[in-house]
Structure formats: structure tokens, C-alpha cells
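The tour goes from one selection to the next and says what is found at each stop.

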Protein chains: 2
Amino acid sequence: MERVEQHASFGGRQEVWQHASATLGVAMKVGVYLPPAALAGEKCPVLYWLSGLTCTEQNFITKAGAQALAAQHGFIVVAPDTSPRGEGVANDPAYDLGQGAGFYLNATQTPWAPHFRMQDYVAEELPALIEQHFAASQARGIFGHSMGGHGALVTALRHPGRYQSVSAFSPIVAPTQVPWGQKALAAYLGEDRSSWNAWDAVELVKTAQEKLPLLVDQGEADEFLASQLRPELLQAACEAAGHPLTLRLQPGYDHSYYFIASFLADHFAHHAKALAPR
Amino acid sequence: MERVEQHASFGGRQEVWQHASATLGVAMKVGVYLPPAALAGEKCPVLYWLSGLTCTEQNFITKAGAQALAAQHGFIVVAPDTSPRGEGVANDPAYDLGQGAGFYLNATQTPWAPHFRMQDYVAEELPALIEQHFAASQARGIFGHSMGGHGALVTALRHPGRYQSVSAFSPIVAPTQVPWGQKALAAYLGEDRSSWNAWDAVELVKTAQEKLPLLVDQGEADEFLASQLRPELLQAACEAAGHPLTLRLQPGYDHSYYFIASFLADHFAHHAKALAPR
């Protein structure tokens, strides 16, 4: 691992690391915020943030205002890039497929299968790397935005026991039922829809044995609300399955980082209840 | 004035407005955060933020985490672009001259004089516009970063009575004595150095009648500290003149928005003492 950026921030350090990912077969960049407690050598819980379409590891670390909260709670915050990138990696001219649009799944189809294994990367390789290289405890939370909100929900639901907390902003809760998801799932997994359900939070909730409480914030002025996000589908599935969900519809808020920043403190508090009970 | 962006943020609204500036002879963009109190019609103090080299109106509003603080204090925060821009506006290929590098002065030299009148814009036209169009009181504070820290100090010192508070992050305190400043002053004002002192905070402090207390934060790991910023020159001038200065050297911090965000709460508190005494 090579540190490619570091900035003092709220008594801790915002860093960006680059490493050769065995899972993805490319070099990956990842933002790592180390709170003052971690710099002092104390083992800290780790919050994994998954970003949305078109994002890199930079969006969350520059725009969300997370460092103040991470310093205060004593959380390491890890924000990886959203896909493999670079020469030799398949791509598509559209913003919602290929590089910048990994959808946090493991692709099975040509030309994506060789590198697009973001699920194994975020759920396996990345936590192992973080827990080896930093003052990280094994308390893990995961959250994200839009495509990354989908990623957070699906990753937690697919790995019972691995995460103690999960939350999402404006997540794509039902990729099998909306255009962004249908396009990505067809490309990465093929036209056989039976393989899609394993990557759909609404479908996974139906059979989840571990009932990790879900916190979801959704802006009511979000331009993608009715077409791509449809939180009511998650609400119905959670009600039917008895899965605990706090769904908050926030009047006037859109799909931007201004929305995320406004409610991020509540998400840190939600994760702190599970990761750092006092 | 035309609103070109709006986002709900911390119960208020982050907006971007565009308007035809009579002073600059071009269309200018400006970020305006309206706290919940302003949306409720209460007259709020206004904090003017001046950004540094290469910045637009976007940098501060997306990276500083100012909205949470502005909402809490009930301040309108106004963040203009750093220069006139566009077709017909003089420019230079270097990052530190021309568009994006207005230095908050009124240029007298060819080819800059027709449009580069940022001092009159930020000190005259912009406050008049803001106080006319928004729920703004006449309580004004001004702050900024790097070239914008220079701008904040110089603008306040040149206009006794107009601002009730001033502060700066990593300001260019003595443009007449450092490369960034010497290049800009020579280009915008000409080689006659007698005209330069009116745009140099260290020089202005020497004769300032109004002793507005200055708060300056400076990162000790700032790559521009010794070559371009030199806060010790401001400290010496303030000591000699009996001008109140709180200069804080912050170990480990660099020149980035991570530094600004880390200490922004202290700057809001500094301005609140003057603008919204409780």
C-alpha cells in the first residue's frame, strides 16, 4: 500500500492510499480517515462508505463533512473508488455502466467479469487490508449513497455477522425493478433474471435471518426518487418480513452531497449505537 | 439576478446566483447560503467569504462544511467567484494571474483595467445586491483563504466601519514582499511600487485607525508558508501598531480545505462575537 495523499483534519488525518487489488486486478485508490484516537494507537471501529455513480474515492472525503464526526466518534472511515479503472479495464461511454459504476457486485459476463468484482473487494479484500494496516477494531459499519446505498444494504444483507450496522442515503433499493439497476444487472450478470435477486436489497430482506436495523434517508425533492430509488418498495418488504427499518423522507432535499452532509450526523449516531456503545 | 442552483442544506438553502455585474462588466456567479432564520424572514448578519487562487464560487460551498455552522449561527454566507471570467476578459495562462486570480483589487493597467475591479465588486456592488435581495441585516463580516485571506484583510482595512469582523486562513499578508503578490501587483497596478501598499495588509495595519481584531489561522505544514504567506510579517506589524491579532499556527495542517474545515467553527464563533452578540 502506498499513501498518495495526506492532510491533517480535525486532529486526525485524511489520507488516500493506493494498492494493487488482487480481487480486481488493478490498482485501487481508497480514502482513509484516521481519527485522533487511531493516531494515538487505539483500535477504532471502521465505517465503510460506498459512493454513487460517477464518483471516485474523492467525492465523499471532500464534500460530506464526515471528518468532524469521525473525529468526534473515534471512527476510521474508509471510502473506496466505485469501480476498477484504467487501461485494460472494460468500460462503456454511459455514466451508469462500467468504470465509475461497479454496482458493488461480482460480474459474470464478458467483458466485465475479469475486473468487476466490487462485492468481493469491498466485503473481503478491503476490510482485511484495513484491519491489517491501521488501528482498526473488528467493529464494522457500512453506509453509502445511491448506487452506494444499494451497495451498503446488499453487502450487509449478504454477509450476516460481518457488519454491526448499516445505513443508506437515497439508495437504489430494488435494482431489479428500476432502469439503472436493470441495465447494470443485465450487463454484468446476463439476461437470466434469476441471478439478479442476490443483488437486490428488497429481495434479500425477504429472506434475511439477521435482522440488522436499517436507517435510510431519502430526499423528497430527489429527481431520481420515483424512477430509480423507490424507497416504498423497501418499506413494504421490511414490513412483510418484520425487518426493522427507519425510513425518513426529508422534505425539500435533493440527491446531492448537500443532502448527505445535512443528515450525516444522524447516521454516525446510528452506527455508534452498534459500533461504540457507551 | 437569476438563481442557477439551489439545494436544501441543514434546514436552510445553499443557492448559486448569477447576475450582470456593473462593476466588472461581466456575469458573475456567487454562492449564497440562507440559514433557516433567513428563510423564515428574519434579518441575518452576512459573512463574505473570499476564495483563493484558481477557485470559483463552488470551492467553499462544496468543501468547507460551512452550512452546518451558518445554520446554527443564523448567518447568510456569500461566496463570490474570484475574478471576472469569460470571452472578452483578459487572461494569462498561469494559474496565478488573470481569470481565477483577481487578487481583490482594482486594476489600473492594460489589459486588466476594464474588468478586473474585484475590490469595488466585493466591497460595494455585492453587499448592496445581497442586502437588497435577501433577508440580510447590515451586520457584515469578511473572511477568506490564501489570496482570499489577503482579500478579506485588505478589504476590511480599506473600509473602516463597513465590516464588524474579519478573519483569514493562510492569508497572503504581504503581497508586496512575496512572489505571488509581486507578480499580480506589477501586472494589475504597474511597476510603480508606490501604488502597491494600498493593497498590502501589513502596510495597511501600520496606519489603520479602526483596530478591528484580526483572527488568522495558518497551517505549519503549508507548502506556501515561508515563500508566499509569511504571517510573521503581519504579527510584527500588528505588534508595532498596537493592532489586535490572534495568530494561530496549527501544527501539521496544510493549505487545503481540510485545514479550513477543521478550524471553521472557531472563525464563525469569532464573527458571531461581533455580528450576533448574545
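Begin by selecting B:Arg230, which is partly exposed, with a relative accessible area of 25%. This is a predicted model. B:Arg230 sits in the loop between α8 (225-229) and α9 (231-241) of chain B. Its phi is near 50°, a positive value in a residue other than glycine. Most residues other than glycine have a negative phi.

Next, select A:Tyr104. Here too phi is positive, about 55°, although A:Tyr104 is not a glycine. Is this residue buried or exposed? A:Tyr104 is buried, with a relative accessible area of 1%. It belongs to the loop between β5 and α4 of chain A.

Stay in that loop and select A:Pro111, which lies between β5 (76-80) and α4 of chain A. The peptide bond leading from A:Thr110 to A:Pro111 is cis, with omega near 0°. Now switch to chain B: the bond from B:Thr110 to B:Pro111 is cis, with omega near 0°. B:Pro111 is in the loop between β5 (76-80) and α4 (118-133) of chain B. Most peptide bonds are trans.

Go back to chain A and select A:Glu131, in helix α4 (residues 118-133). A:Glu131 has a relative accessible area of 17%, under the 20% limit, so it counts as buried. Which side chain does the side chain of A:Glu131 meet in a polar contact? The partner is the side chain of A:Arg140, at 2.6 Å. Show the surroundings as well: among the residues that A:Glu131 touches are A:Tyr48, A:Ala136 and A:Gln138.

Now select helix α10 (residues 257-275) of chain B and look along it. There is a kink of about 50°, centred on B:Phe263. Of the 19 residues of α10(B), 14 are buried, so the helix is largely enclosed by the rest of the structure.

Finish by showing both chains. In the interface, 19 residues of chain A are in contact with 19 residues of chain B. The buried area is about 1,500 Å², and carbon and sulfur atoms give 55% of it. Select A:Ala8, A:Phe10 and A:Tyr258: they supply 42% of the area that chain A buries against chain B, more than any other three residues.

Notes
Residues are numbered from 1 along each chain as its sequence is written. Chains are lettered from A and ligands numbered from 1 in the order in which they are written. This is a predicted model: local features need pLDDT of at least 70, side-chain atom pairs count only at pLDDT 80 or more; totals for chains, interfaces and linings use all residues. Side-chain values use heavy atoms; hydrogens and water are left out. The bend at a residue is the angle between axes fitted to the seven residues ending there and the seven starting there. Helices (H or I, at least four residues) and strands (E, at least two) are DSSP runs, numbered from the N terminus. Buried means under 20% relative accessible area, exposed over 50%, partly exposed in between (1.4 Å probe, protein chains only). Contact means heavy atoms within 4.5 Å. Buried area is the accessible area (1.4 Å probe) that two parts lose on being put together, summed over both. A polar contact is a pair of N or O atoms within 3.5 Å; within protein, one must be able to donate a hydrogen and the other to accept it, and residues adjacent in sequence count only if both atoms are side-chain atoms. Lists of a residue's contacts leave out its neighbours within four places in sequence.
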